[in-house]
Amino acid sequence: MSMSMSMSMSMSMNGSIRSFAYTWARLRVACGLCLPLLGACGQPAFLEDPLHKAQVAALGPENPAVKIGPLHRPGQACAVCHRVDGLATPYVAAGTVYRDPMSTVGVGDAEVVLADLAGNRFKTKTNCVGNFYVKTSEFRPVVPFWVTVQLGEFPYEMGSPIHREASCSACHSDPAAPDAAGHVFVTDDVAAIASVPVRACGAADEVAR
Amino acid sequence: MSVRGRTLWCVLVVAALSAPPLILSACLGEIGPTKADLELRVPMRDGFDRVADALQPSCGTLDCHGQAQRNWRLFGGRGLRLASTNTPGEGKTTAEEYEANYWAVVVIEPEILSQVLADKGRDPERLILIRKGRGTTRHKGGTLMRPNDPLDTCLTEWLKGNLAADSCLAAAKITASPVP
């Protein structure tokens, strides 16, 4: 709704609605002026948690060659921005599935299944860069929940359940270390790596659910 | 000096000489810990490995107390590793990790733990470990166990000096429920 529209509509409305429309218009103007003050994940700079700000800074800038959407920032901690109190769509789980433990070649069309303690299931698939996401509006697991990944004959089963963390890479970061499990992959069988299908991106991959 | 005066003088001298040691011993008694105060009970170490295995999937995952940044930390084969050469998911929980977990549990509230053990595990909710697990104290990880479920039984029996092996094993192997 534009400012002029809201002004003209307010002419025919009762007092309270007219007042709301006027306030809304003023807010929109004010927000427009405040845009340069927006900080990490589009949150107003003055509301930012310094720790969260540091997490966002650690992610680095967007790749200018990749549009913000399902294909952006593979391998990064999605839930730094895609969290319940953030401005991006909140996720229950999100991450990137790679072909093997050595490389960072993402695999598309891998089936990702979330299974929770109560027997609920949610299935989704990775896109061409290996990214997948499950929105909180799509699935509310009874924690803990477990994740399995299946690409053709290659299964990947998590030994540990997930209690709180929505970003796969928070625990599956590289390189593998005492506190990091390394990235998620579909096979570590050197002989089988070449047979793992990797596909090019299409227009459908750029469309968010 | 009269007899009465000499007697009074003697009493004052004796009092002056005996007062400092008496005051000192009284103060030491008030401030210093007695031997009994220092004798804290600790739960049985034998069998704790199974208790640690039970804690692993509910408490010790990498997104909970299996994080190096947490003040209460648990180690395990599928979570945070103690040795710099080990990684999560590769290999079993080591003897050093079990030992570290044992002391991690014991030193949360050693005095209260000692009292619970002295009472043969009665009223285990005196321990924050049990309250957090049951969710009766605010716990970011929520409610992870309820009385009589496997993890709760494993822990509370251990506090009684027993090992509920079946319950510990069941808690260690929690998994997604089948689709109803």
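**Exercises on a predicted model**

The bridge partner of A:Tyr98 in β7(A) is A:Phe185. The structure is a predicted model.

**Exercise 1.** Find which strands of chain A pair with β1(A), and in which sense.

*Solution.* Start from the pair A:Tyr98 and A:Phe185, the latter in β7(A). Strand β7 covers residues 184–185 of chain A, and its pairing with β1(A) is parallel, over two bridges. Next take A:Ala93, which stands opposite A:Val134 in β4(A). Strand β4, residues 131–135 of chain A, pairs with β1(A) in the antiparallel sense over five bridges.

**Exercise 2.** Decide whether strand β1 of chain A is enclosed or open to the outside.

*Solution.* Buried means under 20% relative accessible area. In β1(A), residues 91–98, eight of the eight residues are buried, so the strand is largely enclosed by the rest of the structure.

**Exercise 3.** Work out where the buried residues of helix α5 of chain B lie around its axis.

*Solution.* In α5(B), residues 110–118, the buried residues are B:Leu113, B:Ser114, B:Val116 and B:Leu117. They cover an arc of only 165° around the axis, so they are on the same side of α5(B). These buried residues pack against α4 and α7 (150–159) of chain B.

Methods: Residues are numbered from 1 along each chain as its sequence is written. Chains are lettered from A and ligands numbered from 1 in the order in which they are written. This is a predicted model: local features need pLDDT of at least 70, side-chain atom pairs count only at pLDDT 80 or more; totals for chains, interfaces and linings use all residues. Side-chain values use heavy atoms; hydrogens and water are left out. Buried means under 20% relative accessible area, exposed over 50%, partly exposed in between (1.4 Å probe, protein chains only). Helices (H or I, at least four residues) and strands (E, at least two) are DSSP runs, numbered from the N terminus. Two strands pair if DSSP finds at least two bridges between them. The arc is that of the directions from the helix axis to the C-beta atoms. Contact means heavy atoms within 4.5 Å.
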